[in-house]
Amino acid sequence: MGPDGRLAFLLNTTGVGQIWTLDEPGGWPEQRTFYDEPVGFVDYSPTRAELVFGMDEGGNERTQLYRLDDDGTVTELTGLPDAKHRWGGWGPEGDHFAFASNRRDEAVFDVYVQAREGTGDDAELVYEGDGWFTVNGIAPGGEKLAISEAHSSFDQDVYVLDIESGERTHLTPHDGSVRYSSVSWGPDGDALYLVTDAESDTLELARLSLSGELEVVREGGGWNIDGVSIDQESGRLAYSRNIEGYNELNVGELVGPTTVSEFPMPDLPGGLAGGVAWGPDADRFAVSVTGRTVNTNVFVVETATGDAERWTNAATAGIPRETFVEPEVVRFESFDGRSIPALFSLPPEAGEDESTPVIVDIHGGPESQRRPSFAGLTQYFLSRGYAVLEPNVRGSTGYGKAYTHLDDVEKRMDSVKDLRAGAEWLHDHPAVDPERIVAMGGSYGGFMVLAALTEYPDLWAAGVDVVGIANFVTFLENTGEWRRELREAEYGSLAEDREFLESISPINRADRITAPLFVLHGANDPRVPVGEAEQIAAEVKSHGVPVELKIFDDEGHGISKLENRIEAYTRVVDFLDEHV
């Protein structure tokens with residue numbers, strides 16, 4: 001929300017996400033940007049009716065920063081298209097901002113501060129990094145930055161950086177893997193608030209003093225606290241608790257360093273709410289709200305009462321909302337007796353005659369969790385008569401630290417065994433046709449698809465691989481320089497684990513794939529290079545298996561543009577209808 005209470009948000013009604021603003025609930029929004037590429041984020045200045053946004057080109061993830069003035073003027077702030085820029089927030093007076101960038105060395109991220117009117121090379125390098133650094137925010141006084149360094153997806157460190165002197169103070173020395181995320185400055189600038197599993201298997205809300213003392217503010221009660229948002233002026237805060245993928249949004253006010261006075265919980269539809277943006281004086285806040293049967297909209301909540309009002313009215317393209325299907329939270333037992341959580345959805349017409357085909361839709365990451373947010377693609381599959389099982393196999397987040405490490409390096413294929421257990425669970429379901437089960441996934445989920453097809457070829461009627469990894473060696477050799485070290489921490493290193501990486505790479509067992517395969521990829525993908533798609537499609541096709549390969553020249557790591565999504569997934573369903 002802007003300093004005048006205006007709301008800015010991203011809306012993809014034109015086919016790609018663009019910036020729109022709104023002055024009142026239910027009003028007519030004004031489109032503010034008109035690009036062919038999707039805008040990645042938007043952030044209002046704390047003092048002016050202007051905002052910063054980020055945008056890359058063709059999905060290459062080399063985000064550039066821009067300022068959009070109230071009169072519509074756009075000023076490019078970075079202008080270095082070969083570098084990535086990661087937004088770090090405005091200063092308290094809106095006269096400067098901070099960001100991290102790999103403009104000096106593609107493999108590492110340095111920290112910069114820049115005046116709001118600066119452009120191009122005007123940014124001041126305030127910290128020369130040697131790893132993956134992120135700016136978490138500028139202190140209320142404007143003189144310090146909170147920055148964090150990621151060693152892996154499950155291991156971070158937090159520092160405070162003095163902008164003028166460049167002195168860096170390490171606040172989180174630790175052994176082993178510890179998560180420190182969602183870092184925010186407290187209201188007096190004398191502490192940071194964040195979520196961490198330093199003292200628990202799950203993420204907790206904690207206060208981190210500038211001397212490094214960590215105190216728990218709220219426990220998750222056996223579930224993760226996903227994140228926290230604090231208004232620095234008032235000390236009001238919102239934090240969410242992840243319960244089986246749904247979340248519980250809690251709102252309160254700091255009345256002491258670790259004491260929170262709770263306000264009534266907002267009554268919001270859908271079961272998922274996030275992206276809190278505080279309004280002037282923190283009397284209210286904007287939040288995006290979604291659910292599997294509730295397409296995403298923005299609500300504004302009165303902080304003290306929890307009363308919520310929907311401001312936006314995103315359309316459903318004429319599709320009746322009552323036709324959307326809510327998933328069931330299910331669990332199935334895997335090879336070692338472990339209970340694997342999943343979301344399961346049946347099309348409305350499914351009966352108990354073992355006739356329904358099923359798509360097992362596997363999330364990427366692997367440090368992620370399939371949650372019941374609105375998913376037009378899932379509803380499309382259901383409308384075409386396919387049931388959908390969305391497993392959170394071992395290695396997924398949302399179920400504690402120990403669970404996330406169950407697929408590390410040499411345990412990688414245990415997660416694929418979970419897919420086998422999911423398919424076997426489907427065999428016992430009265431509505432499911434056990435001969436028509438499809439494996440589908442994107443990114444790391446694409447690897448899981450290919451691994452499932454090679455390890456258990458008799459279980460699958462078809463596979464859909466979206467921007468997936470076929471060969472861990474070529475993937476790590478060719479992924480973006482800035483990502484390699486983080487990915488090696490999860491999968492294993494080229495130097496020490498090459499033989500193991502070769503042994504689990506689906507490309508080396510592609511002769512075992514017998515199910516028809518559809519492969520989707522973006523030509524500009526900086527994470528999983530397009531060569532992964534090309535090599536697996538060619539190898540599987542050489543063995544006489546039906547293969548369809550579609551590469552989009554204007555996409556990166558995923559299919560983002562509406563016209564491309566329509567073409568891609570219409571073709572996927574046609575392919576499945578033919579072969580399944």
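T397 lies in the loop between β31 (387-391) and α2 (401-404). The structure is a predicted model. The largest nonpolar core has 57 residues, and a second, separate core has 25 residues.

- T397 is buried, because its relative accessible area of 16% falls under the 20% limit.
- Beyond residues up to four places away in sequence, T397 touches F154, R179, E367, S368, Q369 and T404.

- In soluble globular proteins, nonpolar side chains tend to be buried together.
- Within the largest nonpolar core, of 57 residues, L389 and W460 have the most contacts.
- Helix α4 (residues 444-455) gives the most to this core, contributing eight residues.
- Apart from neighbours within four places in sequence, W460 is in contact with V360, L419, A423, I437, V438, A439, A452, L453 and A515.
- The second core, which is separate, includes V388, A461, F552 and F575 among its 25 residues.

**Packing of helices α3 and α4**
- Two packed helices are described by the angle between their axes and the distance between the axes.
- For helix α3 (residues 412-427) and α4, the axes come within 10 Å and cross at roughly 75°.
- The two helices α3 and α4 are therefore roughly perpendicular to each other, since angles of 65 to 115 degrees are placed in that class.
- On the α3 side, the contact is made by R412, M413, S415, V416 and L419; on the α4 side, Y444, F447, M448, A451, A452 and E455 take part.

**Loop residue P46**
- P46 is placed in the loop between β4 (39-44) and β5 (51-55).
- With 40% relative accessibility, P46 counts as partly exposed.
- Leaving aside neighbours within four places in sequence, P46 is in contact with P3, W90, G91, P92, E93 and G94.
- P46 and F518 are 472 residues apart in sequence, and their C-alpha atoms are 47 Å apart in space.

**Helix residue S503**
- S503 is found in helix α7 (residues 494-504).
- The relative accessible area of S503 is 46%, so this residue is partly exposed.
- The side chain of S503 reaches the backbone oxygen of F500 at 2.6 Å.
- S503 and G137 are 366 residues apart in sequence and 43 Å apart in space, C-alpha to C-alpha.

Methods:
Residues are numbered from 1 along each chain as its sequence is written. This is a predicted model: local features need pLDDT of at least 70, side-chain atom pairs count only at pLDDT 80 or more; totals for chains, interfaces and linings use all residues. Side-chain values use heavy atoms; hydrogens and water are left out. Helices (H or I, at least four residues) and strands (E, at least two) are DSSP runs, numbered from the N terminus. Buried means under 20% relative accessible area, exposed over 50%, partly exposed in between (1.4 Å probe, protein chains only). A polar contact is a pair of N or O atoms within 3.5 Å; within protein, one must be able to donate a hydrogen and the other to accept it, and residues adjacent in sequence count only if both atoms are side-chain atoms. A nonpolar core is a set of buried Ala, Val, Leu, Ile, Met, Phe, Trp, Tyr and Cys residues joined through side-chain atoms within 4.5 Å. Contact means heavy atoms within 4.5 Å. Axes are lines fitted to C-alpha atoms, for helices over the stretch in contact, and angles run from 0 to 180 degrees between N-to-C directions. Angles under 35 degrees count as roughly parallel, over 145 as roughly antiparallel, 65 to 115 as roughly perpendicular and the rest as oblique.
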